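Dear colleague,

Please find the structure below, handed over for your files.

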Amino acid sequence: MDSGVLTPVRTPSGRLRYEPSPKPDAVALCLSGGGFRNALFHLGAVRRLNELGILYQVTTVSAVSGGATLAAHLAKTCHRWSSGPLDSESWEREISAPFRRITSENLSARAVLKGWLPWYWVTDRAVETLARDMEERGLGAMPLDSLPKEPRFIFCATDLVSGTQWLFDRSSDEQWNVSTAAAVSSWLLPPFTGSKFRRVSLADGGVADYRGVEPVWQTHDTLLVSDGGDMFQPQWGQSMLWSMTRLAATVSHHAQLYQKRWLLSLLESGRFKGGYWSIDRSPLTFQTDRSTRFYGYSPALARDVIATIRIDYDEISTAEAAVLENHGYLLAEAATRTDPNLNYLRTVDAPLRIPHPAWLAEHKVRRELRDSARKIWLGRGRGRALSGRAEAALNEPLPTDGRYAPPPLSPQPPQPPLPSLPSLPEKVDAPTPGVEEHV
């Protein structure tokens, strides 16, 4: 008897397109877009993954926009961390410090100038300038076909002609450098049209997939997603230009929100193994009981200050870099420790070595990052002064009230349960008449 309920038919083509068929022990690390802000946030996360022995087990790195700049740096230094955990001192010297130097100067000003000049609009001069500036800083100056076989590096862009995702990796048939792939993944307008074999119009990878999940979700059984997604802030305007740009931003925001809900539902249901951490969350929100103790910035600071740092390629101050790296580091620790499906990946019981412990003090963070959300078209021009103040503040002692004490080098032991209160009698007898009560 027909119940009137439509039952979906799982056709072979439907299963091929919409259902995962993951390879066992295939681990994907997805680095979202968002300029230098998110690149430094991801830098802290991969630092902790390295200490835990997780990073060298990653078989694919899928990166978008700002995450692509860090992926280019990780590809260059892959020989140092892909065979086993790198010690903290070597990681700081060879991975973290060089990348922080890259982010300490404006990267996009020259490309923006050339991209918006009318006689350069129909050329690829803007992307070429950005790629050349990346190479001058030691970022991505190698051909795509020289990328390592494992882990596989994927740089995601969007093809505006077909409306689909465009992937750069070592199997690409174009003679492009890694710097070009990272630049295309990071650039919105004017689009890049430099393919010799097909008609394409390539733009920022975040247009199609902000988190870089699409290339890997069907083929990998473990997903590690570092999400530096931008906060969608309320705005008001009345011009036609504002209405058009706001409409496009709203559509993009909801598309990414739906993908986030889909991703988290698959992780929560156990369909995938993996971990997810987002820049607007606090490590403290991962704490569900008193048997574990997490360290990190408060939910209010993460949401209202850190997650609102501008997303562009303007110079990042020392304070901003230190806070972002700390935040990613502590979130990756919390996300991987609370998910039982990731215990098999944590091969090293590494103590916490917070990259910049002096920047755990939230009063100092709020003071130095009070102007970090403001964008200026061709750069802020004041990062060095801010950086100088931040460098001096690194030597300031932490408050002695115990709130910002560095964490111990071993996990906290389980806390004893709270003592139970004595139960009250169900019924209190009334005093005997005529007898005076004394207190």
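Contact here means heavy atoms within 4.5 Å. The model is predicted, so to speak of local features a pLDDT of at least 70 is needed, side-chain atom pairs count only at pLDDT 80 or more, and totals for chains, interfaces and linings use all residues. Residues are numbered from 1 along each chain as its sequence is written, and side-chain values use heavy atoms, with hydrogens and water left out.

Thr336 lies in helix 11 (residues 318-338); helices are DSSP runs of H or I with at least four residues, numbered from the N terminus. Leaving aside residues up to four places away in sequence, Thr336 touches Leu49, Leu52, Ile54, Leu342 and Arg346. Thr336 counts as buried because its relative accessibility is 0%, buried being under 20% relative accessible area (1.4 Å probe, protein chains only).

Helix 7 (residues 125-136) has 12 residues and should span 16 Å at 1.5 Å a residue, which agrees with the 16 Å between its end C-alpha atoms; the expected span is 1.5 Å times one less than the number of residues. Its buried residues are Ala126, Val127, Thr129, Leu130, Ala131, Asp133 and Met134. These buried residues of helix 7 pack against helix 3 (66-76), helix 6 (109-116) and helix 8 (178-186). Just after helix 7, Gly138 has a positive phi of about 80 degrees.

Technical notes: Helices (H or I, at least four residues) and strands (E, at least two) are DSSP runs, numbered from the N terminus. Buried means under 20% relative accessible area, exposed over 50%, partly exposed in between (1.4 Å probe, protein chains only).
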